[in-house]
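Keep the viewer open as you read, and follow along residue by residue.

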2 protein chains.
Amino acid sequence: MPRADRERQMMSVAEQVFAERGYVAASMDEIAERVGVSKPMLYEYFGSKEGLLVACIRQARAELLRVTSQAAVDSGNPEDMLRNGLIAYFQFIKDHSRSWALLCSEAAVVGPSAAEEIEAVRQQQTDLISGTMALYVPQPPLDLTSAAEVIVGGCERLALWCQRHPETSPADAAELVMQLIWFGMRSLLTEQPSPGQG
Amino acid sequence: MPRADRERQMMSVAEQVFAERGYVAASMDEIAERVGVSKPMLYEYFGSKEGLLVACIRQARAELLRVTSQAAVDSGNPEDMLRNGLIAYFQFIKDHSRSWALLCSEAAVVGPSAAEEIEAVRQQQTDLISGTMALYVPQPPLDLTSAAEVIVGGCERLALWCQRHPETSPADAAELVMQLIWFGMRSLLTEQPSPGQG
DNA sequence: GCCCGTAGCTTACCATCAGTAGGTTACTTG
DNA sequence: CAAGTAACCTACTGATGGTAAGCTACGGGC
């Protein structure tokens with residue numbers, strides 16, 4: 001089997017085993033066995049266990065960027081950009097739920113390069129959000145980078161929460177985030193679910 | 001040395017080693033050596049490597065609950081409760097920065113019980129926030145539990161961001177979160193940094 | 001036909017580290 | 001002093017990440 005095909009197959013199996021057992025409990029021997037190949041092949045192609053994880057994350061990252069930025073580009077105003085981007089994000093995680101949670105929450109433990117890779121996922125989303133917002137807020141009264149950081153972190157948690165509450169759709173999750181960070185919590189207290197005076 | 005003292009000493013050293021090396025790279029042999037004791041003692045008192053990590057997290061969790069709930073109790077209205085609670089939270093993480101980031105981001109990888117423990121930290125903060133808000137919003141138009149989840153996740157990320165930007169004080173971080181989730185991003189677009197008409 | 005380089009792959013091994021069995025020291029209690 | 005127990009140790013096992021060395025098959029040049 002040619003290298004490229006074998007690599008794809010290995011990453012597919014690895015993603016599955018990592019999701020099933022968790023990174024620490026997953027063994028390279030088991031991954032190799034399920035692929036139907038010997039362990040040194042994994043090391044030949046990915047260097048290390050961490051390298052294999054990094055490859056899995058990187059693939060997911062490219063896909064995530066693709067769907068979210070496409071959703072933003074297809075929208076006309078900043079509010080819709082944020083909303084549609086959020087929907088695409090929650091949809092992506094729903095589609096990859098079996099592996100995303102593990103990949104996301106476990107990468108930090110592994111080592112520098114995997115931690116960097118998962119940070120890159122967040123950085124990618126942070127840049128996308130703050131970059132888009134910057135187009136519409138020339139002189140922001142607060143740092144859009146750190147604001148985007150809060151949004152990304154909040155969405156990450158909410159996505160995990162949604163997995164425990166499957167009745168919540170990606171659109172529901174996106175609306176909740178919009179309500180919170182777009183309109184603000186103050187509107188709840190002033191009994192104005194949909195305030196009209198800013 | 002009596003057991004209770006030795007346990008405290010072990011947890012202190014473990015927190016340090018986990019923070020330095022990361023959970024996976026930290027070895028029980030090294031922790032034992034730094035404590036000046038043999039490895040079986042660690043297992044006698046904590047059962048497993050994961051058990052040792054869980055003990056560290058649990059201790060930090062109790063302390064976090066103490067400082068944040070105290071800050072909320074000392075405040076008069078929901079806005080100040082949220083703000084002062086946030087300040088206490090960011091201050092706590094700043095004080096424990098060397099270990100908090102690692103403890104927090106690595107627990108999930110370890111296994112069920114450590115993951116549960118770190119989830120309990122978030123649950124604790126989520127309950128504190130949603131419980132407090134519920135007192136002031138009898139019939140919320142959105143689920144306060146999931147809203148609190150977003151806030152907790154956002155703060156977690158922002159806390160890590162603040163570690164890379166030490167010029168940001170706990171009060172600054174708290175204000176940023178307040179601006180975002182209390183007043184909403186829409187106010188940025190309408191050029192009203194400090195809106196007064198709700 | 002034959003040599004040779006290389007890609008894909010294997011067996012058999014090493015080192016490290018979580019976890020354990022069993023024993024020793026020393027202090028307390030009767 | 002005997003007995004029990006808490007604190008502690010040495011020395012081991014098993015699993016697993018990672019590696020060394022070599023095997024097989026294929027393709028191109030002579």
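A:Tyr45 counts as partly exposed because 16 C-beta neighbours lie inside 10 Å, whereas being buried takes 20 or more. A:Tyr45 sits in helix H3 of chain A. Setting aside residues up to four places away in sequence, A:Tyr45 touches A:Glu7 and A:Met10. A:Met178 is another matter: A:Tyr45 and A:Met178 are 133 residues apart in sequence, and their C-alpha atoms are 43 Å apart in space.

Before going further, please keep in mind that this is a predicted model. The average pLDDT of chain A is 85, and 88% of the residues score at least 70. Over residues 191–198 of chain A, however, the pLDDT is below 50, and this stretch has 13 contacts in the model beyond near neighbours in sequence. Where pLDDT is low, the predicted coordinates should not be read in detail.

Now to the chain as a whole. Chain A has 10 helices and 0 strands. Of the 198 residues in chain A, 44% are buried. Taking contacts in chain A between residues at least 6 apart in sequence, 59% join residues at least 24 apart.

H1(A) has 19 residues and spans 26 Å from its first C-alpha to its last, close to the 27 Å expected at 1.5 Å a residue. Its buried residues are A:Met10, A:Met11, A:Val13, A:Ala14, A:Glu15, A:Val17, A:Phe18 and A:Ala19. An α-helix has 3.6 residues a turn, so residues three or four places apart point the same way. After H1(A) comes A:Gly22, with a positive phi near 90°.

In chain B, B:Val17 lies in helix H1. B:Val17 counts as buried because it has 22 C-beta neighbours inside 10 Å. Leaving out residues up to four places away in sequence, B:Val17 touches B:Ala26, B:Glu30, B:Ile31 and B:Arg34. B:Glu30 is 13 residues from B:Val17 along the chain, and their C-alpha atoms are separated by 8.1 Å.

Which residues touch the most other members of the largest nonpolar core? In this core of 114 residues, they are A:Ala14, A:Phe90, A:Val177, B:Ala14, B:Phe90 and B:Val177. A:Ala14 is also one of the buried residues of H1(A). As for B:Phe90, its contacts, not counting residues up to four places away in sequence, are B:Ala159, B:Cys162, B:Pro170, B:Ala173 and B:Ala174.

Which elements each supply at least two residues of the surface near DNA strand C? They are helix H1 (3–21) and helix H3 (39–46) of chain A, together with helix H2 (28–35) and helix H3 (39–46) of chain B. The elements giving two or more residues to the surface near DNA strand D are helix H2 (28–35) and H3 of chain A, along with helix H1 (3–21) and H3 of chain B.

Technical notes:
Residues are numbered from 1 along each chain as its sequence is written. Chains are lettered from A and ligands numbered from 1 in the order in which they are written. This is a predicted model: local features need pLDDT of at least 70, side-chain atom pairs count only at pLDDT 80 or more; totals for chains, interfaces and linings use all residues. Helices (H or I, at least four residues) and strands (E, at least two) are DSSP runs, numbered from the N terminus. A residue is buried if 20 or more other C-beta atoms lie within 10 Å of its own, exposed if 12 or fewer, and partly exposed in between; C-beta atoms are placed from the backbone. Two residues are in contact if their C-beta atoms, placed from the backbone, lie within 7 Å. The expected span of a helix is 1.5 Å times one less than its number of residues. pLDDT is the predictor's confidence in each residue, from 0 to 100. A nonpolar core is a set of buried Ala, Val, Leu, Ile, Met, Phe, Trp, Tyr and Cys residues joined through C-beta atoms within 7 Å.
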